[in-house]
Amino acid sequence: MSETQSPRTPAGPGAASEPAEASSKATSRRGNGPLSSELGSTTIADAVVTKIVSIAAREVGGVHDLGGGAARTIGGVTRSVGVGPDERMRGVAVEVGDREAAVDLTVVVEYGESIPEIAKTLRENVTRRVGGMTGLTVTEVNVTVNDLYFPGDEAAAEPARVE
Amino acid sequence: MPVSSPAEVPASASVRLRLAAVARAAALATRGVVGLDTRRAGMRMTVSAGLRVDGVVCAAMPDGRYQVSVHLVAAMVALRPLADAVRARVERDIAIAGLADRLGPVDVAVEDVQAPSEARP
């Protein structure tokens, strides 16, 4: 149920670069990017963009959760024992360049909502938030709706056997 | 021993450590900075003579100056203006401390952001 599929073309180094290539690109990134000058450079970590995207996505009405089914299941287990990656990173993948970023989002939508409308709002909100906070231009936001949420799903869980 | 204020650094300490301590205090005093990032233990700190400044790396340059890298955690604000404000404050405070001639580029790395709902210990 992927909403869009298009080649990602963020400017600057990509996450999938070969190590040697990434190293040389990183050098040019420092020297030529708009965030660098004689006075020093400014770096915004990919994790920062990921977190902004995640928060922006959760702000959209009709989005129940982020992440795939397996990720949400594993996330629930790791959360219950207090380990594992940051929950907010789930369902978000970003590629960040000097000036641009590309975003992949996996979401669970509430049943009855308009998926095209939610995808449109997601793109708008993510683009606005990332652009506003980082100055990066978001070239694409690929939205994958991988599940629907029915109110009362949690109630279907087995009741506790002890009080 | 971690240094939390430039006042804790003796005048006899290395220039590198003094720069780091001033930079750390300047960054933390900038509105929009929540804290400094020290998660990569041993990578984001300056250590000298038993003292340690977390979140700031000072590296010597061939011309005798020091490149200062500040690794920060930001509030949910516009990050590029914040980085510029941190850089300006670091440069100003280091000049006030009389170390301007030893300061090279000031790199600012936003390593994390803290949402209003997050409570950081």
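Strand β2 (residues 40-44) of chain A pairs with β6 of chain B in the parallel sense, over 3 bridges. The model that shows this is predicted. Across the two chains, 16 residues of chain B are in contact with 18 residues of chain A.

**Where the chains meet**
- Within the pairing of β2(A) with β6(B), Thr43(A) stands opposite Ala109(B).
- On the side of chain B that touches chain A, the elements giving two or more residues are α2 (79-96) and β6 (103-114) of chain B.
- The largest share of that side comes from β6(B), with 9 residues.
- By class, the side of chain B that touches chain A holds 11 nonpolar residues, 5 charged residues and no polar ones.

**Chain B as a whole**
- Chain B contains 2 helices and 6 strands, and along the sequence they follow the pattern α-β-β-β-β-β-α-β.
- The radius of gyration of chain B is 14 Å, close to the 14 Å that the globule rule gives for 121 residues, so chain B is as compact as a globular protein of that length.
- The C-alpha trace of chain B spans about 45 × 30 × 25 Å along its principal axes.
- Of the 121 residues in chain B, 40% are buried.
- Among contacts in chain B between residues at least 6 apart in sequence, 67% join residues at least 24 apart.

- In soluble globular proteins, nonpolar side chains tend to be buried together.
- The largest nonpolar core here has 65 residues, and those touching the most other members are Val53(A), Ala57(A), Ala23(B), Val68(B), Val70(B) and Leu72(B).
- Helix α1 (residues 15-28) of chain B gives the most to this core, with 9 residues.
- Leaving aside neighbours within four places in sequence, Val68(B) is in contact with Leu19(B), Ala23(B), Val56(B), Cys58(B), Val90(B), Leu103(B) and Val106(B).

**Helix α2 of chain A**
- Helix α2(A) covers residues 46-58, which is 13 residues, and reaches 18 Å from its first C-alpha to its last, close to the 18 Å expected at 1.5 Å a residue.
- This helix is mostly covered, with 10 of its 13 residues buried.
- The buried residues of α2(A) include Val48(A), Val49(A), Ile52(A), Val53(A) and Ala57(A), as well as Thr50(A) and Lys51(A).
- In chain A, the buried residues of α2(A) pack against β2, β3 (63-66), β4 (92-96), β5 (100-110) and α4, and in chain B they pack against β6.

**Strands β4 and β5 of chain A**
- Strands β4(A) and β5(A) run antiparallel and are joined by 5 bridges.
- A hairpin connects β4(A) to β5(A) through 3 residues.
- Val94(A) stands opposite Val103(A) in β5(A).
- Strand β4(A) is mostly covered, since 4 of its 5 residues are buried.

**Gly131 of chain A**
- Gly131(A) lies in helix α4 (residues 115-134) of chain A.
- Gly131(A) is partly exposed because 15 other C-beta atoms lie within 10 Å, where a buried residue would need 20 or more and an exposed one 12 or fewer.
- Leaving aside neighbours within four places in sequence, Gly131(A) is in contact with Leu136(A), Thr137(A) and Val138(A).
- Gly131(A) and Leu39(A) are 92 residues apart in sequence and, C-alpha to C-alpha, 24 Å apart in space.

Terms used: Residues numbered from 1 in each chain as written. Chains lettered and ligands numbered in written order. Predicted model: local features only at pLDDT ≥ 70, side-chain atom pairs only at ≥ 80, totals over all residues. Contact = placed C-beta atoms within 7 Å. Nonpolar A, V, L, I, M, F, W, Y, C, P; charged D, E, K, R; others polar. Pairing = 2+ DSSP bridges. Core = buried A, V, L, I, M, F, W, Y, C linked by C-beta atoms within 7 Å. Expected span 1.5 Å × (residues − 1). Rg over C-alpha atoms; globule rule 2.2 N^0.38 Å.
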